[in-house]
Amino acid sequence: MTEKNSASTFDEIAKSISDLEEIDKIKILVKKAVDEKATVAEIIEKALKKGLDDVGSRYEKGEYFLSELLYAGEIMSNLFDVLKPHMKQEDLEAGDTILLGTVRGDLHDIGKNIFAMIAQFSGFKIHDLGVDVDPKTFAEETEKTGARIIGMSTLLTSTLPEVKTVLDLLKEAGLREKVKVIIGGNAVTKQFAEEVGVDAAALDAVEGIEICKGWKMK
Ligand code: B12
């Protein structure tokens, strides 16, 4: 299949997510993209994320409400089930542990789960703390698991300050120098990352994995 074909399939998937069509119909489109030899990362970034961004804009405009956001979340978890078997296992060796979680006050986990899924297939071990994670838990679990990387997800601008709280607790516990900290999620910018003092910010999951892989080599 040509690149042009998968590009139009990506658009079809994005549109059907944006229009919140039936899950079974969207699953068929995603399977079609897989048959067209699109990679899982491409499908996520060029179709799923685009569709969800549209849902977000329609929510902002007052066209959609919370129930629609919830349905968009349900669509995503169903699509992951379709995509998981098609992920390419890059590295079977046990890699570094990434301690991962969505910061306190934030319940969004779709992006975090995508990052976790791709990271696992890239050879990292994931210790997922879930959503709405207490800052103390990040510090405590860093000690317990010996994780060398901490990944925090934050989609709400109101929860961005939680990143600093976690960094402060890591410093207090003498752990900050022992770990690399990466953040991601809709609310995150490179500028914020620099200001708050994390080691990196990723604008998408694939970029995040590349950054972590760079750390893994050292
Ligand atoms: C689905 C959704 C929900 C669902 C979440 C379901 C779930 N299980 O996650 C529900 C219904 C629960 C929800 C609730 C709310 N939501 Co909401 N939601 C969304 C929506 C539509 C999609 C989010 C998403 O999953 N995107 C797709 C994923 C793949 O993208 P992503 O998260 O950015 O992740 C990618 C990268 O950022 C990166 N990444 C993410 N995390 C990490 C972590 C690391 C370590 C790394 C390296 C990379 C990485 O990798 C991913 C893949 O590339 C967004 C709109 C949008 N455009 O984002 C609004 C949005 C985030 N929500 C918003 C709001 C306001 C809310 C509510 C406050 C609504 C309300 N009035 O109650 C609540 C808050 C609840 C809470 N306390 O958290 C706003 C936030 C505005 C802001 N700037 O603060 C948005 C932007 C919508 C909007 N445009 O207004 N929401």
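Reply: This is a predicted model. Leu 20 sits in the loop that joins α1 (3-18) to α2 (23-35). Its phi is near 55°, a positive value in a residue other than glycine. Most residues other than glycine have a negative phi. Asp 132 is another such case, with a positive phi of about 50°. Asp 132 belongs to the loop between β2 (125-128) and α6 (135-145), and it counts as partly exposed because it has 16 C-beta neighbours inside 10 Å.

Now the ligand. The chain is assigned two domains, domain 1 (3-86) and domain 2 (97-217). Their centres, taken over C-alpha atoms, are separated by 25 Å. In the contact between them, domain 1 takes part with 7 residues and domain 2 with 8 residues. On the side of domain 1 that touches domain 2, α3 and α4 are the elements that give two or more residues. That side has 4 nonpolar, 1 polar and 2 charged residues.

Both domains give residues to the shell around the ligand, so the ligand lies between them. The ligand is surrounded by 39 residues, and the closest are Gly 56, Gly 111, Gly 151, Gly 184 and Gly 208. Sorted by class, the shell has 19 nonpolar, 13 polar and 7 charged residues. At least two residues of the shell come from each of α3 (40-60), α4 (66-83), α5, β3 (149-153), β4 (180-184) and α9 (205-217). Of these, α3 gives the most, with 7 residues.

Helix α5 covers residues 110-121, and its 12 residues should span 16 Å at 1.5 Å a residue; the end C-alpha atoms are 17 Å apart, which agrees. Because 9 of its 12 residues are buried, α5 is largely enclosed by the rest of the structure. The buried residues are Ile 110, Gly 111, Lys 112, Asn 113, Ile 114, Phe 115, Ala 116, Ile 118 and Ala 119. After α5 comes Gly 123, with a positive phi near 100°.

Terms used:
Residues numbered from 1 in each chain as written. Predicted model: local features only at pLDDT ≥ 70, side-chain atom pairs only at ≥ 80, totals over all residues. Helix = DSSP H or I, 4+ residues; strand = E, 2+ residues; numbered from the N terminus. Expected span 1.5 Å × (residues − 1). Buried ≥ 20, exposed ≤ 12 C-beta atoms within 10 Å, placed from the backbone. Near = placed C-beta within 6 Å. Nonpolar A, V, L, I, M, F, W, Y, C, P; charged D, E, K, R; others polar. Domains from an automatic or database assignment. Contact = placed C-beta atoms within 7 Å.
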